[in-house]
Amino acid sequence: MRIVQIDSDGAAHRHYSYARDLKGHFFALPSVSCVPDYQNESGCKSFSPQHPAVPLTRNQTVQLSLRCKVMAVPVQEEGIPNTTVIPQSPIASEKLPIPRPISMGGEEEFRSVIRHASRLPLALRNALCRDGVFIGNPGKVVALLEKMMTAGAERFQVVTDFDATLTRYHRDGKGCDSSYGVLETTTMFPPFYREEASKLCDYYYPIELDQSMSLEVKSQHMRDWWSKAHGFLMKTGLKAEWMGEMVRHSTVELRDGSLKLFELLENAGIPLLIFSAGIGDLIQEVLKQHGNFKPMIVANFLDFSEEGVVRGFQKELIHTFNKHEIFSHHQTDYFAKHEERRNVLVMGDMMGDLKMADGMRAKEDVLTVGFLNSKIQKCFPEYRDGFDIVLIDDQTHDIPISIVEAIINGAT
Ligand SMILES: [Mg+2]
């Protein structure tokens, strides 16, 4: 038996895929990861030994989750052309990545301002003028960068989101796991968790991206989502000692250049705060497996019993849209400790991430960098107006590195 087509939804939260053989038989692949292909004895092919393919019988109907659209796909009789079976539109319309070069219109105007900003180092100017970068207000960005360079590394700090900001959103169009995605794909959990988490995602993920909904209403929905997901998580019997294996077998991946960015910051003594609505323990594990960096992390940390089994969370829930409220509740003295560092680089991939530095009382200048990973055409206007610098389908940290290097080297 030979699989001739395998496709996936390519989104970070979705982990269902399908394959078909030459005769049009379908096989549900419960999960997808980026490791090399594996094949079981009956010839069913999956991407991972932890996520074996499931053979389906003819005339059975299987539910496929494709980027939040759940559809029933009948498994056809032999000989029926494949094209009548495979749903084309969800994949075709939302395929990642969109091809480069990406032009959103107006690039020449801002690039002209950047090119003539002679006080910025050439490397930074070149980086900001490359494809996939968009700056809505170049005058403001140049002025901010010049001020930050003059003030230098001693007055600078970085606050960043984790999922899809420090980590890749996709590799070659296949979605990479978020910290919650690690939980959804692990085979160490009973199957009910993935099913329930998937249902929640199908319902709440479109709300998270819905631009027509007010922040207050979205915030309540996100609270409900996180609370329900955490409720299911408590029933999995998760053990602290599982974290390493779960991360190793996931597709979570740091963006290209992350380690260089961490080293630059560490060597220059610039504090890095990771402010995430994800699972703090998994974030720690990812960093441990990629260079063992230990920045400050504010996230949803699990609470384990003496036997090492999960029993709750340590502090109040953080979700995508309440980051601005969290610092006072978490009573961290982090910003007080770094009060003299009034220039802040804020990085995120959600509009709610823009508010991450709101808890800083003494901030002076904040430069925001937004990673626009999906629904690019639709979300672009909001990101352009919200973030100082928008990085469109950029799976690297090249731009943050260029900015940090310029600030470390200071004004000339
Ligand atoms: Mg994120």
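Me: In this predicted model, how do the axes of helix H9 (residues 258–267) and helix H14 (residues 398–409) lie to each other?
Reply: The two axes come within 10 Å and cross at roughly 20 degrees.

Me: Why is H9 called roughly parallel to H14?
Reply: Angles under 35 degrees count as roughly parallel. The axes of H9 and H14 cross at roughly 20 degrees, which makes H9 roughly parallel to H14.

Me: Which hand does the crossing of H9 and H14 have, left or right?
Reply: The crossing of H9 and H14 is left-handed.

Me: What makes the contact of H9 with H14, residue by residue?
Reply: H9 contributes Lys260, Leu261, Leu264 and Leu265. From H14 come Pro400, Ile401, Val404, Glu405 and Ile408.

Me: How do the residues of that contact of H9 with H14 divide by class?
Reply: Seven are nonpolar, none is polar and two are charged. Lys and Glu count as charged, and the contact includes Lys260 of H9 and Glu405 of H14.

Me: What is the crossing angle of helix H2 (residues 107–115) and helix H4 (residues 138–151)?
Reply: The axes of H2 and H4 cross at roughly 25 degrees and come within 9 Å. Since the limit for roughly parallel is under 35 degrees, H2 is roughly parallel to H4. The crossing of H2 and H4 is right-handed.

Me: Which residues make the contact of H2 with H4?
Reply: On H2 they are Phe110, Val113 and Ile114, and on H4 they are Pro138, Gly139 and Val142.

Me: What makes one residue of the contact of H2 with H4 polar?
Reply: The contact has five nonpolar, one polar and no charged residues. Gly is placed among the polar residues, and Gly139 of H4 belongs to this contact.

Me: Why is Phe110 called buried?
Reply: A residue is buried if 20 or more other C-beta atoms lie within 10 Å of its own. Phe110 has 21 within that distance, so Phe110 is buried. Phe110 lies in helix H2.

Me: What does Phe110 touch, leaving out residues up to four places away in sequence?
Reply: Phe110 touches Ile135 and Pro138.

Me: How far apart are Phe110 and Gly136 in sequence and in space?
Reply: They are 26 residues apart in sequence and 7.3 Å apart in space, C-alpha to C-alpha.

Me: How many of the residues of the protein are buried?
Reply: Buried residues make up 43% of the 412 residues.

Me: How many helices and strands does the protein have?
Reply: The protein has 14 helices and 19 strands. Among contacts between residues at least 6 apart in sequence, 63% join residues at least 24 apart.

How values were computed. Residues are numbered from 1 along each chain as its sequence is written. This is a predicted model: local features need pLDDT of at least 70, side-chain atom pairs count only at pLDDT 80 or more; totals for chains, interfaces and linings use all residues. Helices (H or I, at least four residues) and strands (E, at least two) are DSSP runs, numbered from the N terminus. A residue is buried if 20 or more other C-beta atoms lie within 10 Å of its own, exposed if 12 or fewer, and partly exposed in between; C-beta atoms are placed from the backbone. Two residues are in contact if their C-beta atoms, placed from the backbone, lie within 7 Å. Axes are lines fitted to C-alpha atoms, for helices over the stretch in contact, and angles run from 0 to 180 degrees between N-to-C directions. Angles under 35 degrees count as roughly parallel, over 145 as roughly antiparallel, 65 to 115 as roughly perpendicular and the rest as oblique. A crossing is left-handed if the near helix is turned anticlockwise from the far one by less than a right angle, and right-handed if clockwise.
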